[in-house]
Amino acid sequence: MAATIDELIFLPFFRRISTDDIRNCVHLWSQVQVRTGAVLWEQGEAVEELAVVTSGELVATLGGTEVGRVLPAEIVGEASAFLAGSRRSATLTARKETTLLTLSVKSLLELRRRKNPMYEALLEQALLALVRRIRNTDQRIALVAEGGQKAPIRTEPSALVRFWKTLRPGGPKTSAPLLAPILCQQPVLKNASPEAIEELSKAFVAEAVEEGQILFLEGEQGNCSYLIGEGQIDVLRNVRGQKAELLASLKEGSQFGINTLVEKGSRTASCVAAHAGWVFRMDEAAYRQIPGEARLAWRECMLVSLSSQIRNANSALQRAVPSVKREHAEEPDRFQNL
């Protein structure tokens with residue numbers, strides 16, 4: 001069934017788009033109804049579309065573990081739709097009778113080709129949806145994971161340590177790597193113009209990091225993101241007591257800390273340098289000022305990074321839940337929303 005202009009106009013993330021821009025693309029959208037208990041998408045199947053829930057509710061499960069729910073006016077399948085050749089990362093089932101507006105991957109690319117503002121609105125909403133899912137999943141991990149590492153904390157170094165560091169600095173032994181080749185390794189930027197790469201390069205500042213250096217701690221307010229130029233960054237989520245769960249170990253070319261550029265708030269995890277190296281920092285002001293095609297391409301890069309982040313978080317949750325459920329078999333209410 002074809003979608004209508006009214007259905008699209010009243011979606012919150014399309015309210016700044018002109019009626020003419022929506023009218024020109026309304027034929028690309030379809031309306032789908034899913035009965036209670038029916039599966040919309042299966043985990044592992046090829047991605048053919050994204051969807052927006054207009055009524056009802058969907059449940060997302062990964063390997064039998066519930067990892068989230070999708071409510072009216074929320075977008076789903078957005079990350080996969082923007083990434084060519086993707087497969088569904090979770091199964092979506094209708095918790096109640098649900099109506100959706102769907103947009104095929106082919107139609108999404110058509111929006112981009114036409115430079116229709118609906119494309120960037122969907123991209124921004126996709127980024128926001130992923131950030132909120134990551135935050136929600138990280139909170140669940142904190143409730144159930146045992147934690148295999150000591151939680152990082154900031155401590156004031158002793159006078160002896162400060163003196164020793166003046167004699168033997170712990171930073172990288174090499175100069176900062178060139179940023180442009182690292183940017184060009186990003187999947188979305190492989191075919192980017194030299195002008196776009198140059199504009200993106202202007203938004204970053206190189207920073208040397210020492211082994212064990214804390215880039216930021218969970219709970220701190222964030223206003224910048226990072227791109228790894230050299231070395232390794234460990235991502236840790238605080239769990240029980242003074243323990244932490246390792247969510248990911250990131251290498252050259254990986255982004256981290258981008259959540260708070262998409263939506264203001266506190267850091268959902270801590271990031272610590274596992275080895276000395278270099279990172280490139282982008283602050284909020286620089287992020288907002290990236291122009292034109294470079295701006296769009298970088299947001300697509302961020303989407304790739306956030307998609308990887310939610311996969312890591314979902315995997316950590318999936319690992320943690322079975323053992324905790326067995327341990328607390330007599331406490332069903334505690335885990336009813338997992």
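1. In this note a pocket is an open set of grid points at which a 1.4 Å probe fits, with protein on both sides within 12 Å along at least five of seven lines. The structure under review is a predicted model. Under that definition, the second largest pocket has a volume of about 500 Å³. The lining of this pocket is made up of 30 residues, and those closest to its centre are L250, Q255, F256, S305 and Q309.

2. As to which elements form the second largest pocket, helix 11 makes the largest contribution to the lining, with 8 residues. At least two lining residues each come from helix 5, strand 12 (243-250), strand 13 (255-256), helix 9 (259-262) and helix 11. Sorted by class, this lining comprises 14 polar, 13 nonpolar and 3 charged residues.

3. The largest pocket has a volume of about 760 Å³. It is lined by 33 residues, of which V76, E78, A129, L130 and R133 are the closest to the centre. Two or more lining residues are given by each of strand 4 (65-70), strand 5 (75-76), helix 3 (78-82), helix 5 (117-144) and helix 11 (292-327). Here the largest share belongs to helix 5, which supplies 9 residues. The lining divides into 14 nonpolar, 10 polar and 9 charged residues.

4. The two linings may be read side by side. Helix 5 and helix 11 are among the elements that give two or more residues to the largest pocket, and both also supply at least two residues to the second largest pocket.

5. L83 is located in the loop between helix 3 and strand 6 (91-104), while S307 belongs to helix 11. Beyond its neighbours within four places in sequence, L83 is in contact with V304 and S307. The C-alpha atoms of L83 and V304 are 7.3 Å apart in space, although 221 residues separate the two in sequence.

6. Are L83 and S307 buried or exposed? The relative accessible area of L83 is 19%, and L83 is therefore classed as buried, the cut-off being under 20%. S307 also counts as buried, at 4% relative accessibility. With residues up to four places away in sequence set aside, S307 touches A79, L83 and L130. One of these, L130, is also listed with the residues closest to the centre of the largest pocket.

7. The structure contains 7 aromatic pairs. In one of them, the ring centres of F13 and F14 lie 4.9 Å apart with the planes at 75°, so this pair is edge-to-face. F13 and F14 are both buried. F14 also pairs edge-to-face with W29, at 6.0 Å centre to centre and with 80° between the planes. This second pair joins distant parts of the chain, 15 residues apart: F14 is in the loop between helix 1 (5-9) and helix 2 (19-23), and W29 is in strand 1 (residues 29-34). W29 is buried, as is F14. Together, F13, F14 and W29 make up one aromatic cluster.

8. Two arginine residues are placed over aromatic faces. R88 lies over the face of W41, 3.6 Å from the ring centre. R267 lies over the face of F216, at 3.9 Å from the ring centre.

Key. Residues numbered from 1 in each chain as written. Predicted model: local features only at pLDDT ≥ 70, side-chain atom pairs only at ≥ 80, totals over all residues. Heavy atoms only, no water. 1 Å grid on protein atoms, 1.4 Å probe; cavity = no way out; pocket = protein on both sides within 12 Å on 5 of 7 lines; lining within 4 Å. Points joined across faces, edges and corners; volume = space filled by probe spheres on them. Helix = DSSP H or I, 4+ residues; strand = E, 2+ residues; numbered from the N terminus. Nonpolar A, V, L, I, M, F, W, Y, C, P; charged D, E, K, R; others polar. Buried < 20%, exposed > 50% of the residue type's maximum accessible area, 1.4 Å probe, protein only. Contact = heavy atoms within 4.5 Å. Phe/Tyr/Trp six-rings, centres within 6.5 Å; stacked < 30°, edge-to-face > 60°. Lys NZ or Arg CZ within 6 Å of the ring centre and 35° of its normal.
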